[in-house]
Structures are given as structure tokens and as C-alpha cells.
Amino acid sequence: MPARRTRFNLGTSLEHIAAPHTGESFNWGGVDDPNAFTEYCSLRANCCFSYKDNTTLNDRISVFSGELNARNRQQVLAGAAAGIAADCLEAGLRLWTGCTVKKDVNRAMEWWLRISTDTQLNGLPVPKNIMVRAIACLANSQWELRITPEDGPDVWNIDSVYRAGGFADTCCSLGFVPPCVLFIGTRILDLQAQPNAALQGFRHPRFSALTFLREAVKRRGLEVEKESKRRDEKIEKAPNAYICAAPGCGIEGTRKSALLRCSGKCPMDIKPSYCSKECQRAHWKTHKPACKPSAAVDSATTEPIGSQTTGASVPPEPEPGTSRLSDEDMQLRTDGREVRMKVPNILSNEGKATISSKTLPPEFMKEIRDMIEHEVSVRR
């Protein structure tokens, strides 16, 4: 019997971003396929680390690459077959993403299920830290499988969403809350809150039973509120240090070091900060009287402001809802600087939501905002 499905239209939403590799050769971790390596890193980062882990993307990539180099696919699969829990987890990660092995999502889930349901492997207990990561991977897999190529992005398998929520709830009950679990929980709670009749399936009592997941999302929400309050108090004291000075930018730094400060001789009380060189160039005419033409945005920037703006041309405005960014503009950052911005809440069409990232380039974040604003205006 086919799984019951609920039809509703969520429109287009951005959930996963991968920066394509543009070089001629690629061999991170002994992997020839850069997209598989990117997907592998994303899966591990979202499912195998607590949301409180602040390790930078660059450091994680180095670790992942070294571990992939250290053990080839034959060694990992042989270890999994022998009942080694860590290798069962790793085999699933590689099979799900097609990293060093042929992609096989069903086999990946089989390995994860083996160490998430069995308390013993070859007579040995499955370590809890391995088990919870496998359960998180299963939650993520069920969330991704809610959409099938046959039905398209506007049709969700509500049973798959519930299974994702169930695995996520189990993770929370065991004290492990990675980013993917918070994402799944937040989306489920958002959908439950919608009055749309087409979403009534998400208000079924089985979703209300996900109490550990609900509490984890609520707890994280309170943490964000406290962090936001502390940050707002700091902004009041030094707004130039936290908000990009370019008009209409909207990018903010979560801390002073997140933005690039002008290193010219302008007075400290009016010294601007920028999220990118592009914003610095856009603001130069306004800031120039208070600075010197040879001032730079950041000590690491060797090109002076004056020469950056000389002869600069403004690209034509794109059609609404389309992109004008190049592949280079969409390369992920590895500097660890976290920035954020507000966008329309695409689920409720009311109020604002906040996007924050340590990896997305500011120009791409603004592109996301522009496309969301366009979609919301079209709906209205």
C-alpha cells in the first residue's frame, strides 16, 4: 500500500547550498568528485556535531579530508560488515553521499538502522555517541525523502516527515541535538502553527507526541532570544561595529569581528564597518570626506579604497527573482565570521525571520533575501 500523502504548495525554498569546485583538479580526502565531498562534509557537519560546536568549516574540512584519506572504502565497508559501530556510521555517510563509493541511500539507511536499533553488535554494546549520530542521520534521511522526483517539490510525504520527527525526537531524548534535528523540529512546529487546511495533517496527535523535540526547539529559541538581547545591547553602544554601513545592505555581524572595519584615519565614533568589499565600494562616496583615499577596509586588504572604486561599473539590475551572481560570488567562506540578516517569513507570510551563516558570502545572502521578497510579493 502506498504511503498516504498530503498535497500543499510551499513554493521554492532554499535548504541546501553547495559551492561547486571550479578548479581543474580535485582530490580532497582522496575523493575525485567535489560535489560528493561537499555533500559528505555537509551531512557530517549537520548530523554528527552538536549545534553548540563552534568548530570552523575550514577546520572540519581538514579533519574530514584527513579521515577520508586514512581509510579507503574497502576498509570502511569491511569494518562495517565485521560489526564495528563507527564503520557502520561512516559507511552510511559515504553511501548516502556517494563519497568514495557508489551512491546507495537504501544501503546507507540499513547501516544506520543497524546501530540505532541494536544494542549489541557481535556481543558488544553500540557506543551511545555513535548510536545518536546514526539516529540523527536517519532523521535527516527521512526529511530529505519527504520529496520524490515523481511528485516534485510541492508534494510532501507526510509519513516521511513524521519519521524524521520521530528520529529527531529520539536524538533529543538521548541528549544529542545537532543542527539537522533543530531544523526538522523548527519546520514541523512552523507547519503545525499554520491555519491552512491543507496542512491539517501536521496537527495530527502523533506530531504532538514529539515532546523532546518540541522542548529542544523551544530551549534553543530562548537561547537565541537571550543572545539577541545581549547583542542588541552591544549594538546600542557601538552600532557602527555591528551593522554594515552600505545603504540597503541589511547584513549585521553577530560580533564585532564579523565585519571588516575601515582602517583609515576616520574618527572612531563614525568609523564604518562592512560585510564585503562590494559594500565598502558602494559606500565610499559617502565615507570619503571623513577618510583618506588610501584607506583600506581591513588590515588584510592591500587594495586602497580609492583604486577599488576607480572605474568601477555597476552591473544592470536583473529580472525579479533571477540571479546575477557568478560561481565565484557563491563560493563558501571559510573565515568563520558569522553574519546575519532579516528576511520575510516565507512560511507564514507575516513578520521576519533571521538567516545567519558563517559560510555563505554576504552577496549571496542578499540575493536570497531579494528572491524571497520577490516570491512573497508575488503571493500577495
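What volume does the largest cavity have? Keep that in mind as you open the viewer; the model on your screen is a predicted one.

**Stop 1: the cavity**

Select Ile 188, Leu 189, Phe 207, Leu 210, Leu 213 and Arg 214, the residues that line the largest cavity. Its volume is about 30 Å³, and a search of the whole structure finds one cavity of 30 Å³ or more. Now colour your selection by class: the lining has five nonpolar residues and one charged residue, with no polar ones. Which elements give two or more residues to this lining? They are H8 and H10, so let's go there next.

**Stop 2: H8 against H10**

Show helix H8 as residues 179-192 and helix H10 as residues 211-237. Their axes lie 9 Å apart, and the two helices pack at an angle of about 100 degrees. Angles of 65 to 115 degrees count as roughly perpendicular, and H8 and H10 are therefore roughly perpendicular to each other.

- On H8, pick Val 181, Leu 182, Gly 185, Thr 186, Leu 189 and Gln 192.
- On H10, pick Leu 213, Arg 214, Ala 216, Val 217 and Arg 220, which meet the H8 group.

By class, the residues of this contact divide into six nonpolar, three polar and two charged.

**Stop 3: a three-stranded sheet**

Next, move to the open sheet, where three strands run in the order E5-E8-E9 with antiparallel pairing. Strand E5 (252-253) and strand E9 (352-357) stand at the edges; each has a single partner strand, so one side of each is left without a neighbour in the sheet. Then select strand E8, residues 339-344, which pairs with E9 over six bridges. For a closer look at the pairing, centre on Arg 340, which stands opposite Ser 356 in E9.

**Stop 4: a loop residue**

Finish at Thr 100, in the loop between helix H4 (85-97) and helix H5 (105-117). What is the phi of Thr 100? It is positive, about 75 degrees, although this residue is not a glycine.

Note on methods: Residues numbered from 1 in each chain as written. Predicted model: local features only at pLDDT ≥ 70, side-chain atom pairs only at ≥ 80, totals over all residues. Heavy atoms only, no water. Axes fitted to C-alpha atoms, helices over the stretch in contact; angles between N-to-C directions. Helix = DSSP H or I, 4+ residues; strand = E, 2+ residues; numbered from the N terminus. Parallel < 35°, antiparallel > 145°, perpendicular 65-115°, else oblique. Contact = heavy atoms within 4.5 Å. Nonpolar A, V, L, I, M, F, W, Y, C, P; charged D, E, K, R; others polar. 1 Å grid on protein atoms, 1.4 Å probe; cavity = no way out; pocket = protein on both sides within 12 Å on 5 of 7 lines; lining within 4 Å. Points joined across faces, edges and corners; volume = space filled by probe spheres on them. Pairing = 2+ DSSP bridges.
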